[in-house]
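Please go through the points below with the model open beside you.

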Amino acid sequence: MPKLKTRSGAKKRFEVKKSGKVKHGKAFAKHLFTFSKTPKSKRGTRGTSHLRDMDAKKVIKEMFPYGG
């Protein structure tokens, strides 16, 4: 059997950690100043976060064949 390929879009957006958690960048963080956002929402979109367990399970199963 040939090796299974990882989805390239997922490779760029998610990172599967050893603990089984999936790390991701926050949404709506690009083009912060092209339309008005509140300072609270700008702070909220900063940095990274982890997916919830049910979503992480789906992402690993469908997009990372060797992820866990």
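1. His24 stands opposite Ser49 in E3. Strands (E, at least two residues) and helices (H or I, at least four residues) are DSSP runs, numbered from the N terminus. This is a predicted model, in which local features need pLDDT of at least 70, side-chain atom pairs count only at pLDDT 80 or more, and totals for chains, interfaces and linings use all residues. Residues are numbered from 1 along each chain as its sequence is written, and side-chain values use heavy atoms, with hydrogens and water left out.

2. E2 and E3 run antiparallel and are joined by three bridges; two strands pair if DSSP finds at least two bridges between them. The open sheet has three strands in the order E1-E2-E3, with antiparallel pairing. E1 and E3 (48-50) are the edge strands, each pairing on one side only.

3. Helix H3 spans residues 53-63, and its Ala56, Val59 and Ile60 are buried (under 20% relative accessible area, with a 1.4 Å probe and protein chains only; exposed is over 50%). Seen down the axis of H3, the buried residues fall within an arc of 95° (taken from the directions from the helix axis to the C-beta atoms), so they line one face of the helix. Met54, Lys57, Lys58, Lys61 and Glu62, on the other side of H3, are exposed.

4. Strands E1 (14-16) and E2 (22-25) are among what covers the buried residues of H3. Leaving aside neighbours within four places in sequence, Ala56 is in contact (heavy atoms within 4.5 Å) with Gly20, Val22 and Leu51.
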